[in-house]
Amino acid sequence: MEVEIKLRLPDAAAHRRLSSFLAPRLRRTHAQRNLFFDAAARPLAAATAALRVRLYGPDDRAPLRAVLALKRRPRIDAGVSRVEEVEEPLDPALALACADDPARLGGVDSPIVRLVAAEYGVGGDAAPFVCLGGFGNTRAVYELEDDGLVLELDETRFDFGTSYELECETAEPDRVKEVLERLLTVAGVPYEYSRSNKFACFMAGKLLP
């Protein structure tokens, strides 16, 4: 179970202000491309599951690494997100091949692919994978050493708009939410609790709160 605090920023100005405030704590920045796979009838989406291939690197056609993930049964309440997640590394060249020919993903030797086939019936000849599309994301990673926290500040670019979000994975959601809210208040950055995840926005075709 992945547990994260998710706080939504209203606009690019708030994102820039927080980026500037956190700049001394910046550890790295990731360019990501997220692609989602399902069958044509969308059985995964109907079961509130998302199968994602994430490509890392500034060039979509020459990723530095790739990760396959299955996320299921997401819940989000008062800025605390909980989702069942399994993930595994994927060869970048193979990830690109599956992006170009989604049905090929069904033949990948992968525990996640086998799980999707067994539980959802997706990936074989009767229900081959299709690519639903995806979105780009720039993730800045910061470390709050005094609090023992790693923060991720996302700028997510959909075809229909851009969203901004601060995230922190934690086993102590109540404490960490307090820390993040205090940080944003000190930084003078407006925010609200996220009520939907990125995949939900992508599937809705619009920015959701």
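User: Is L144 buried or exposed?

Analyst: A residue is called buried when its relative accessible area is under 20%. The relative accessibility of L144 is 5%, so this residue of the predicted model counts as buried.

User: How far apart in space are L144 and E87, C-alpha to C-alpha?

Analyst: Along the sequence, L144 and E87 are separated by 57 residues. In space, going from C-alpha to C-alpha, the separation of L144 and E87 is 26 Å.

User: How far apart are the end C-alpha atoms of helix α5?

Analyst: Helix α5 runs over residues 173–187, and its 15 residues, taken at 1.5 Å a residue, should span 21 Å. The model agrees with that expectation, because the distance between the end C-alpha atoms of α5 is 21 Å.

User: Which residues in α5 are buried?

Analyst: Buried positions are those with a relative accessible area under 20%. In α5 the residues that fall in this class are P173, V176, K177, V179, L180, E181, L183, L184 and A187.

User: Are α1 and α5 roughly parallel or roughly perpendicular to each other?

Analyst: The axes of α1, which spans residues 12–22, and α5 come within 10 Å, and they cross at roughly 100°. Angles from 65 to 115 degrees count as roughly perpendicular. The relation of α1 to α5 is therefore roughly perpendicular.

User: How many disulfides does a search of the whole structure find?

Analyst: A disulfide is a covalent bond between the sulfur atoms of two cysteines. For C131 the closest cysteine sulfur is that of C98, at 10 Å, which is too far for a bond. When the whole structure is searched, the number of disulfides found is 0.

User: Does C131 count as buried or partly exposed?

Analyst: The dividing value for the buried class is a relative accessible area under 20%. C168, at 1%, counts as buried. C131, on the other hand, has a relative accessibility of 29% and so counts as partly exposed.

User: What is the phi of T48?

Analyst: Most residues other than glycine have a negative phi. T48 sits in the loop between α2 (43–46) and β3 (49–56), and its relative accessibility of 45% means that it counts as partly exposed. Although T48 is not a glycine, its phi is positive, at about 55°.

User: Where is R73 placed, a residue other than glycine with a positive phi?

Analyst: The phi of R73 is near 55°, and R73 counts as partly exposed, because its relative accessibility is 41%. Its place is in the strand made of residues 65–77, β4.

Terms used:
Residues are numbered from 1 along each chain as its sequence is written. This is a predicted model: local features need pLDDT of at least 70, side-chain atom pairs count only at pLDDT 80 or more; totals for chains, interfaces and linings use all residues. Side-chain values use heavy atoms; hydrogens and water are left out. Helices (H or I, at least four residues) and strands (E, at least two) are DSSP runs, numbered from the N terminus. The expected span of a helix is 1.5 Å times one less than its number of residues. Buried means under 20% relative accessible area, exposed over 50%, partly exposed in between (1.4 Å probe, protein chains only). A disulfide is a pair of cysteine sulfur atoms within 2.5 Å. Axes are lines fitted to C-alpha atoms, for helices over the stretch in contact, and angles run from 0 to 180 degrees between N-to-C directions. Angles under 35 degrees count as roughly parallel, over 145 as roughly antiparallel, 65 to 115 as roughly perpendicular and the rest as oblique.
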